[in-house]
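Hi,

Here is the structure I promised to pass on. Have a look at it first, then read my notes below.

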Amino acid sequence: MSETYQPGKNLTIDEGVCPFRGRVHFKVYMKNKPNKYGMKLYILSDPLNGYTLKFEIYSGKNDTDNSITALFDRLLSEYYYKGHTVYMDRFYTSPTVLKSLWEKNTKNMSNRRGLPKEIVKEKLKKGEMTFARQGPLICIKWKDTRDVLMLSTVHNADMTPVTVRSKIGPIEKFKPLAIVDYNLNKTGVDHGDQMVSYYPFQRKTLKWWKKIIPSTPSKKNPRRVCKVCADKGKYMNGIRGRKETPYCCKICDVSLCVDQCFETYHTKQKYWL
């Protein structure tokens with residue numbers, strides 16, 4: 001995909017679910033997803049339009065290294081050293097992961113995991129913010145209706161005015177710029193799921209891979225095996241013939257070669273001789 005589509009500066013990594021209730025050993029249950037049972041996918045997408053750049057199927061605990069750093073290397077290897085900014089949630093976040101991405105000239109924006117204890121424990125009033133910095137890494141805590149914590153290697157502690165709805169109408173308040181950017185760019189995978197829902201291809205199947213890879217569209221002029229050639233081959237050497245033809249008798253609903261087989265089938269009782 002990287003050869004035919006170049007994403008913008010921002011990228012999103014998140015989990016998705018391909019719905020499936022059949023038997024497969026890596027089926028998972030995710031209570032926060034619309035389709036709760038299925039196969040878990042790690043998805044890299046463009047938050048601008050929801051385009052899926054790359055994905056990996058979680059196949060359970062096996063020989064594959066499922067650590068976050070190894071997973072990112074598999075998903076992001078084609079986008080390292082290009083100055084992209086990756087947005088992710090707490091599942092993927094730790095200072096170690098962010099520093100690893102920084103070393104590959106890939107910036108990061110994520111929310112709360114592995115945060116400094118002094119920032120987590122600090123008590124704030126609504127609208128207040130505190131932060132701590134270590135090298136390129138900044139930890140931000142902001143108090144809204146609850147505590148919001150972020151880790152970033154691309155932002156600073158700037159605040160920006162935003163307009164929000166309230167019971168008395170629209171009001172203006174200040175939010176950390178890091179949180180505004182995160183809310184804007186974290187929904188790349190959800191945007192992709194929304195676009196897919198407009199063109200559903202779901203169908204009942206016991207084959208898990210048919211859920212991941214949809215079937216190809218039907219042909220305008222499908223070809224089927226000629227019945228006369230098939231039965232004649234079976235009679236002569238015990239193996240059904242495999243000669244295909246695009247022609248079919250509409251009355252009999254039988255596929256037949258248009259030259260000799262069509263006439264033979266309709267005029268001879270033992271057409272295979």
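Let me start with the aromatics: Tyr42, Tyr58, Phe72, Phe91 and Tyr92 are linked into a cluster by ring pairs. Here, rings of Phe, Tyr and Trp (its six-membered ring) pair if their centres lie within 6.5 Å; planes under 30 degrees apart count as stacked, over 60 as edge-to-face and the rest as tilted. Before you go further, note that this is a predicted model, where local features need pLDDT of at least 70 and side-chain atom pairs count only at pLDDT 80 or more, while totals for chains, interfaces and linings use all residues. Residues are numbered from 1 along each chain as its sequence is written, and side-chain values use heavy atoms, with hydrogens and water left out.

Back to the rings. A search of the whole structure turns up 9 aromatic pairs. One of them is Phe91 with Tyr92, an edge-to-face pair at 4.9 Å centre to centre and 85 degrees between the planes. Phe91 counts as partly exposed because its relative accessibility is 32%, whereas Tyr92 is buried, at 0%. For those labels, buried means under 20% relative accessible area, exposed over 50%, and partly exposed in between (1.4 Å probe, protein chains only).

Next, the core. The largest nonpolar core has 21 residues, and Ile13, Leu44, Phe72, Leu76, Tyr92 and Leu101 touch the most other members. At least two residues of this core come from each of β1 (10-19), β3 (37-46), α1, β5 (85-88) and α2 (95-103). Which element gives the largest share of this core? That is α1, with 5 residues. By nonpolar core I mean a set of buried Ala, Val, Leu, Ile, Met, Phe, Trp, Tyr and Cys residues joined through side-chain atoms within 4.5 Å. Helices (H or I, at least four residues) and strands (E, at least two) are DSSP runs, numbered from the N terminus.

On to charges: there are 9 salt bridges in the structure, each being a side-chain nitrogen of Lys or Arg within 4 Å of a carboxyl oxygen of Asp or Glu.

- Arg74 and Glu56 meet at 2.7 Å, N to O. This pair links distant parts of the chain, with Arg74 in helix α1 (residues 68-76) and Glu56 in strand β4 (residues 51-57), 18 residues apart. Arg74 is partly exposed, at 26% relative accessibility, while Glu56 is buried, at 16%.
- Asp144 and Lys173 meet at 2.9 Å, N to O. Here too distant parts of the chain are linked: Asp144 is in the loop between β8 and β9 (147-152), Lys173 is in strand β11 (residues 171-176), and they are 29 residues apart. Asp144 counts as buried at 18% relative accessibility, and Lys173 as partly exposed at 24%.
- Asp231 and Arg240 meet at 3.3 Å, N to O. Asp231 is found in helix α7 (residues 227-237) and is buried, at 16%, whereas Arg240 is partly exposed, at 45%.
- Lys141, Lys143 and Asp147 are linked in a network of salt bridges.

Strand β7 (residues 129-134) and strand β8 (residues 137-143) run antiparallel and are joined by 6 bridges; strands pair if DSSP finds at least two bridges between them. Ala132 stands opposite Cys139 in β8. The hairpin has 2 residues between its strands, and Gly135 in the turn has a positive phi of about 60 degrees.

Finally, the overall layout. The domain assignment gives domain 1 (10-198) and domain 2 (222-267), with bounds from an automatic or database domain assignment. How many Å separate the centres of the two domains? Taken over C-alpha atoms, the answer is 59 Å. For individual residues, the C-alpha atoms of Asp231 and Asn105 are separated by 66 Å, at 126 residues apart along the chain. Pro246, in the loop between β13 (244-245) and β14 (248-249), has its C-alpha atom 38 Å from that of Phe55.

Cheers
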